[in-house]
Amino acid sequence: MTAFDHLPGGRALHDALHRALAGRFPQAVLLSGDDPAALAAVSDTVAAGILCEGDGARPCGTCLSCRKAKQGVHPDLLVIDEGENELKVDLARRIKAENAVVPNDGARRVTIIRHAHNLNPMAQNALLKELEEPPAYAFFVLTAEQPDTLLQTVRSRCTKFALAPAGEAAPDTAEAAALLAPYLEAVAGRREDKMMLAALGLEKTPRRALIGVLGVLQSALRDAVFAAKGLPQPPIEGALRQQTQALAQTVGADRLLRLYDFTGVLIGRVSRNAAAAAVTNALTADAWRICFL
């Protein structure tokens, strides 16, 4: 549980998480995928990385904090796992109460909410403020097999990472960046025709691998949002830094956030066997409308 290398989820996801943990990790994260066991493994490793007190790459796996997290005895790690039972508002209140207490061991506290798609609307609304403005020490990792069922207000407050489905490898970060660079350049250049050509190129990517590519697109859009707001956040997708900087100068932060959320919706469509033509249309006409109309 203390290294990403042998975990499920895809190389692009692992690279993005490594870079995020090396910088300023987002305080609210949504991990989505179709394998609950894979989501659990990745979320445990992310939590260990947030709590890690070692030097170098996180999680180090050897510091006291990592060992406690692995053994399930870390006092600053709360794991909510109610299986497929409905998660009600009383649970949300418990989470808020837990996070009102400063950490015991270190400088951070992590709450993992597994099967977060089972949070009922009242529970989700009760957590909104906590996700939007958490205490400086509080971090939330939500996992969901059906992320589209979460309220849009919840999804918009989380940095999203999508696991590549089991049984098919996603392209690594360099391959995904090469596929996405022409598309991001077309958006930044306000060229709808080139957006379509770049989207057509993505149609050749196998469906399951495409989910990983779209996850990298989300990370790049997140970088563009931070750039548009002038925030000094290290980029997650460094290979696309030039494209995200150009995008931030063309499209406002609010529209980029909308495109970020729409990409999450598109990931859900692809996971449900959306036709390749529908993906092309979404990345062209829908993205154009979100960014420029």
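A residue is called buried when its relative accessible area is under 20%, and exposed when that value is over 50%; partly exposed lies in between. Keep these cut-offs at hand for the stops below. The model is a predicted one.

**The whole chain.** Select the protein chain and colour by secondary structure: there are twelve helices and five strands. Of its 293 residues, 54% are buried. Among contacts with a separation of 6 or more, 77% are between residues 24 or more positions apart. The accessible surface is about 12,600 Å², and carbon and sulfur atoms contribute 51% of that area.

**Asp261 and Lys160.** Select Asp261 and Lys160, which form a salt bridge with their closest N and O atoms 3.0 Å apart. Asp261 belongs to helix 11 (residues 253–271), whereas Lys160 belongs to strand 5, and the two are 101 residues apart. Is Asp261 buried or exposed? Its relative accessible area is 10%, so Asp261 is buried. Lys160, at 6% relative accessibility, also counts as buried.

**Gln218.** Next, select Gln218 in helix 9 (residues 207–228). Its relative accessible area is 1%, so Gln218 is buried. Which residues does Gln218 touch, not counting those up to four places away in sequence? They are Lys160, Tyr260, Thr263, Gly264 and Ile267. Lys160 is the residue from the previous stop, where it pairs with Asp261. Now show the backbone of Tyr260: the side chain of Gln218 reaches its backbone oxygen at 3.0 Å.

**Arg114 and Asp44.** The structure holds twelve salt bridges. For another of them, select Arg114 and Asp44, whose side chains meet at 2.8 Å, N to O. This pair links distant parts of the chain, 70 residues apart. Arg114 sits in the loop between strand 3 (109–113) and helix 5 (121–132), and Asp44 sits in helix 2 (residues 36–51). At 11% relative accessibility, Arg114 counts as buried.

**Arg157 and Glu132.** Last, select Arg157 and Glu132, a salt bridge with the closest N and O atoms 3.3 Å apart. Arg157 lies in the loop between helix 6 (152–155) and strand 5 (159–162) and Glu132 lies in helix 5, so the pair ties together parts that are 25 residues apart in sequence. Arg157 counts as partly exposed at 26% relative accessibility, and Glu132 is partly exposed at 46%.

Technical notes. Residues numbered from 1 in each chain as written. Predicted model: local features only at pLDDT ≥ 70, side-chain atom pairs only at ≥ 80, totals over all residues. Heavy atoms only, no water. Helix = DSSP H or I, 4+ residues; strand = E, 2+ residues; numbered from the N terminus. Buried < 20%, exposed > 50% of the residue type's maximum accessible area, 1.4 Å probe, protein only. Contact = heavy atoms within 4.5 Å. Areas by Shrake-Rupley, 256 points an atom, 1.4 Å probe, with all protein chains shown as cover. Polar contact = N/O pair within 3.5 Å; in protein donor to acceptor, adjacent residues only side chain to side chain. Salt bridge = Lys/Arg side-chain N within 4 Å of Asp/Glu carboxyl O.
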